Amino acid sequence: MIHVLLVEDSAVFVMGLKLALQSDGEFASIESVATPGAAVAFLNAHPETDVAMVDISLESETDGLTLLGILREAFPAVRTLVLSHYKTPSYILKAISSGASAYLAKDSAPESIVEAIADVADGKSLFFGETIDADRITR
């Protein structure tokens, strides 16, 4: 069973994503926070978290790309997946260099998101649905 943390500041998006994820039996918990500070506090209190799904365009003191680096350093066991509306290569490369294990578009099918979370929790990396051997990614 996978423990997931959603780091997203859109309450409506979180609600829809939680509904999609809860319909799958693979998740032990699906929690959400709206800010990077709350994400760090949550992960300190919940070390069982397997995957953090991060929006890179958070409207807070720290953006999602910076948060990825913080998570990589402070919580190396937590795998990170970016879910964003940005589809440009520059954002994808920044996410990879910041420590993301996966990058998906926010308009991805719910089934693709569920599958991506499971793949990331299993140690795989993927970008826009294509699984990539982690040894091929330069960080």
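User: Is the crossing of helix 2 and helix 3 left-handed or right-handed?

Analyst: The crossing of helix 2 and helix 3 is right-handed. A crossing gets that word if the near helix is turned clockwise from the far one by less than a right angle, and is left-handed if anticlockwise. Before we go on, please note that this is a predicted model, where local features need pLDDT of at least 70, side-chain atom pairs count only at pLDDT 80 or more, and totals for chains, interfaces and linings use all residues. Residues are numbered from 1 along each chain as its sequence is written, and side-chain values use heavy atoms, with hydrogens and water left out.

User: Why is helix 2 called roughly parallel to helix 3?

Analyst: Helix 2 (residues 36–45) and helix 3 pack at an angle of about 20°, and their axes are 10 Å apart. Angles under 35 degrees count as roughly parallel (over 145 is roughly antiparallel, 65 to 115 roughly perpendicular, the rest oblique), so helix 2 is roughly parallel to helix 3.

User: Which residues of helix 2 and helix 3 meet?

Analyst: P36, A39, V40 and L43 in helix 2 meet L67, I70 and L71 in helix 3, where contact means heavy atoms within 4.5 Å. By class, this contact has 7 nonpolar, no polar and no charged residues.

User: What makes helix 3 roughly parallel to helix 4?

Analyst: Helix 3 (residues 64–74) and helix 4 (residues 89–98) pack at an angle of about 20°, with axes 8 Å apart. That angle makes helix 3 roughly parallel to helix 4. Their crossing is right-handed. Here L65, L68, G69 and R72 in helix 3 meet Y91, K94, A95, S97 and S98 in helix 4, a contact with 4 nonpolar, 3 polar and 2 charged residues.

User: Why does V114 count as buried?

Analyst: V114 has 10% relative accessibility. Buried means under 20% relative accessible area, exposed over 50% and partly exposed in between (1.4 Å probe, protein chains only), so V114 counts as buried. V114 lies in helix 5 (residues 110–121) and touches A20, L21, D24 and F27, leaving aside residues up to four places away in sequence. V114 and L21 are 93 residues apart along the chain, yet their C-alpha atoms are separated by 6.4 Å.

User: How do you know that strand 1 pairs with strand 2?

Analyst: Two strands pair if DSSP finds at least two bridges between them. Strand 1 and strand 2 (residues 27–33) are joined by 6 bridges and run parallel, with S32 in strand 2 as the bridge partner of L6. Strand 1 (residues 2–7) is also mostly covered, with 5 of its 6 residues buried.

Technical notes
Axes fitted to C-alpha atoms, helices over the stretch in contact; angles between N-to-C directions. Helix = DSSP H or I, 4+ residues; strand = E, 2+ residues; numbered from the N terminus. Nonpolar A, V, L, I, M, F, W, Y, C, P; charged D, E, K, R; others polar.
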